[in-house]
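Reader: Hi! Could you walk me through the salt bridges in this one?
Author: Happy to. Here it is.

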Amino acid sequence: MNHLATERPLSAPAFDVAGIRAQFPILERQVHGRPLIYFDNAATSQTPLAVIDTFRDYFCRYNANIHRGLHTLADEATAAYEATRETVRNFLNAADRREIVFTRGTTEAINLVANSWGRANLKAGDEVLVSLLEHHSNIVPWQLLAAQLGIKVRVIPVDERGVLDLDAYRALFTERTRLVAVNHVSNAFGTINPVREMATIAHEHGALILVDGAQAVPHQRVDVRAIEADFYAFSGHKVYGPTGAGALYARAELLEAMPPWQGGGEMIKSVSFDVPTTFADIPHKFEAGTPAIAEVIALGVALDWVRGVGLERIGAWEATLLERATMAVSRIDGLRILGTAPDKAGVLSFVVDGAHSQDIALLIDQLGVAIRTGNHCAQPLLAHFGVTATCRASFAAYNTLEEVDAFVDALERVIGMVR
Ligand code: PMP
């Protein structure tokens, strides 16, 4: 595909990337007459045939509303939907499937915690710690509560590599700290945060920890009990599944004590105008209205697919891609990588002297390469590093070393054009 590919030895752990690619029809398409190189996986990953086929199967055979029908299709849809709850429980190693609440994704999961747990447990003057690495969806829900309840949002700083400063983190705790909200892996820089250690510190101070796992679950095995997460959120569309379905894990005793957030069908036991309305048991108390049934079922298939390939193997492969890309782009004159943590997932964020990130992304798209440019919904982090946008290439199981080389070639061409 690319001259560099034949010049440089392709040493890598054995990984059947061709076999994986064959399961992703979208990877066969051309963009502007060139083979698609899809390096925007941190925004949304592509879906394998097993997931795509799930939709066809569902709508051709058993499309029905769940939990309330006494007919075969409703039973089948309910069984498949609830089976995904077990799949997610197993995927996260949660103790109990009642600890898994389906949401539209990470954003909705965090908003659920803020609006249910937060409103019930936080008072004016209480403090929530968020890190400078957070995605806006783990900042703004807490800022909304700050405006409405008078809580304080305090920020865990990072060093010049984009690594959280754990001494500063420890020093931020006061007797008013109630919650730490931190991502497991940063979408903007790829930093993998020491959430296990952070959970221990939070718990020592009597605070809870919410972990935003949107960028972690596609790349590494997550065990919510081992990391002692109180809350853990993720989205299906970043882990080879569909948009519209994700999950919140929360310890059962927390969920039991939390009030409902959204009201409607499915989340009640009984409704009356005369005596208080009563609510369904967890997790259904938090699943008001008709959920994204096909999407949730397809999410289960995606998680099975990922487990089938093996998260350790995917993580190792992506590390190889990242290392090759990092080494190659480091040689480009005037290119600066943002996010140089020793512990990183497959995300390469960079800026180039004299070249606008937007121009780079637009021109490289003409060469068939999809990367993302912008603030990656992490404006405070980028502002801290003195930039408003970066280019970001992010990798998935189906990307190849040849694609990395072609991307670097394309990047060099594009930089030559815009400078
Ligand atoms: N957190 C992180 C770390 C993310 O990368 C994203 C998506 N870019 C989100 C939260 C929000 O996810 P969603 O839009 O699927 O709710």
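Reader: Which residue does D126 form a salt bridge with?
Author: In this predicted model, D126 pairs with R176, and their closest N and O atoms are 2.8 Å apart.

Reader: Nice. Where do D126 and R176 lie?
Author: D126 is in the loop between α5 (106-121) and β5 (127-131), while R176 is in the loop between α7 (166-172) and β7 (177-183), so the pair ties together parts that are 50 residues apart in sequence.

Reader: And is D126 buried or exposed?
Author: D126 is buried, at a relative accessible area of 0%. R176 is partly exposed, with 27%.

Reader: OK, what about D230, which residue is its salt-bridge partner?
Author: That would be R251, with 2.8 Å between the closest N and O atoms. D230 sits in the loop between β8 (208-212) and β9 (231-235) and R251 in the loop between β10 (246-250) and α9, so this pair links parts 21 residues apart in sequence.

Reader: Is D230 buried or exposed?
Author: D230 counts as buried, at 2% relative accessibility, whereas R251 counts as partly exposed at 23%.

Reader: Switching topic: which residues do salt bridges with shared partners join into one network?
Author: D40, R372 and R392.

Reader: How many salt bridges does the structure hold?
Author: There are 23. Another one of interest joins the side chains of E256 and R98, at 3.2 Å from N to O. E256 belongs to helix α9 (residues 252-257) and R98 to the loop between α4 (72-92) and β4 (100-103), so they tie together parts that are 158 residues apart in sequence.

Technical notes:
Residues numbered from 1 in each chain as written. Predicted model: local features only at pLDDT ≥ 70, side-chain atom pairs only at ≥ 80, totals over all residues. Heavy atoms only, no water. Salt bridge = Lys/Arg side-chain N within 4 Å of Asp/Glu carboxyl O. Helix = DSSP H or I, 4+ residues; strand = E, 2+ residues; numbered from the N terminus. Buried < 20%, exposed > 50% of the residue type's maximum accessible area, 1.4 Å probe, protein only.
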